[in-house]
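Please go through the structure below with an eye to its charged pairs, its nonpolar core and its helix packing. A short report follows.

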Amino acid sequence: MRYGPNHKEEARAKILHAVGRGFRTQGFAGIGVDGLAKEAGVTSGAFYGHFQSKADAFEAAAVAGLVELRQAIEGLRTKEGGRWLERFVDFYLSTKRTCHLGESCALQSLTPEVARAGQETKIAYEAELLRVIEAMAEGLTHGSLSARRKTAWAIFSMLAGGVTLSRAIHDPAVGAQIANSVKACVLAAAEMAK
């Protein structure tokens, strides 16, 4: 059987998505290569055909999650114009707060795992996180670019922290209260940036 010219890249993307889901759901220590391969519907040998190790797969999944976040921001900025931030915050504090953990945002769910990872993973994660911050800062309208970057860091810290707290709460009403409070603070921060 002959495969198309993009087969290997498509297979890796499918496996990477499944690996990211596995790490988000079970954490780095909670899932092994066999579990990641099973999540992706491939053999362990096929997994190693795309990643040198579990740590390599984790790094790729963490970075891919941030790429997805950056692309979502850039897409919303293009589609929604001046309302992009409010739409993004609404999406993040609703869908990404209540979805299955396997589909959650890498910023919220994988950052604690990155903190325990090796230096190479931290460097790769930081490089893509800086691109995410830049995408956010470029879409803000108040203040210098330096001030907008500071605001972007604050916004992402509030969003990731708010979603993390909400996911740890049993009562959905309390989770919604956290989300509403975070949204108000994020929007106020974006308006007040100097």
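Which side chain meets that of R116 in a salt bridge? The partner is E113, with 3.6 Å from N to O. Keep in mind that this is a predicted model.

R116 has a relative accessible area of 64%. The cut-off for exposed is over 50%, so R116 counts as exposed. E113 has a relative accessibility of 16%. Buried means under 20%, so E113 counts as buried.

Elsewhere, salt bridges with shared partners tie residues into one network. Its members are R70, E74, E128 and R131.

## Other salt bridges

Side chains of opposite charge can pair when their charged atoms come close. In the whole structure, a search finds eleven salt bridges. One of them joins E138 to R77, and the closest N and O atoms lie 3.9 Å apart. This pair links distant parts of the chain. E138 belongs to helix α8, residues 119-139. R77 belongs to helix α4, residues 54-80. E138 is partly exposed at 44% relative accessibility. R77 is also partly exposed, at 25%.

R87 and E80 form another salt bridge. Here the closest N and O atoms are 3.2 Å apart. R87 is partly exposed, with 34% relative accessibility. E80 is partly exposed as well, with 23%.

## The nonpolar core

In soluble globular proteins, nonpolar side chains tend to be buried together. The largest nonpolar core here has 52 residues. Within this core, L69, F88 and L107 touch the most other members. The elements that each give two or more residues are α1 (7-26), α2 (33-40), α4, α5 (84-98), α6 (106-109), α8, α9 and α10. The most comes from α4, which gives nine residues.

What does L107 touch, leaving aside neighbours within four places in sequence? The contacts are L66, L69, Y92, Y125, L129, F156 and A160.

## Packing of α4 on α5

The axes of α4 and α5 are 9 Å apart, and the packing angle is about 135°. That angle makes α4 oblique to α5. The crossing of these two helices is right-handed.

On the α4 side, the contact is made by E68, L69, I73, L76, R77 and E80. On the α5 side, W84, R87, F88, Y92 and K96 take part.

## Packing of α8 on α9

How do the axes of α8 and α9 cross? They come within 8 Å, at an angle of roughly 115°. That makes α8 roughly perpendicular to α9. In handedness, the crossing is right-handed.

From α8, the contact uses L129, L130, V132, I133, E134, M136, A137 and E138. From α9, it uses L145, R148, R149, A152, W153, I155 and F156. L129 and F156 are both part of this contact, and both are also touched by L107.

## Individual sites

Is H50 buried or exposed? H50 is buried, with a relative accessible area of 18%. This residue lies in the loop between α3 (44-48) and α4.

I169 is partly exposed, at 34% relative accessible area. V174, G175 and I178 are touched by I169, not counting residues up to four places away in sequence.

T151 lies in helix α9. T151 is buried, with a relative accessible area of 8%. From T151 to M192 the C-alpha distance is 9.0 Å in space. In sequence, T151 and M192 are 41 residues apart.

Note on methods
Residues numbered from 1 in each chain as written. Predicted model: local features only at pLDDT ≥ 70, side-chain atom pairs only at ≥ 80, totals over all residues. Heavy atoms only, no water. Buried < 20%, exposed > 50% of the residue type's maximum accessible area, 1.4 Å probe, protein only. Contact = heavy atoms within 4.5 Å. Salt bridge = Lys/Arg side-chain N within 4 Å of Asp/Glu carboxyl O. Helix = DSSP H or I, 4+ residues; strand = E, 2+ residues; numbered from the N terminus. Core = buried A, V, L, I, M, F, W, Y, C linked by side-chain atoms within 4.5 Å. Axes fitted to C-alpha atoms, helices over the stretch in contact; angles between N-to-C directions. Parallel < 35°, antiparallel > 145°, perpendicular 65-115°, else oblique. Left-handed = near helix turned anticlockwise from the far one by under 90°.
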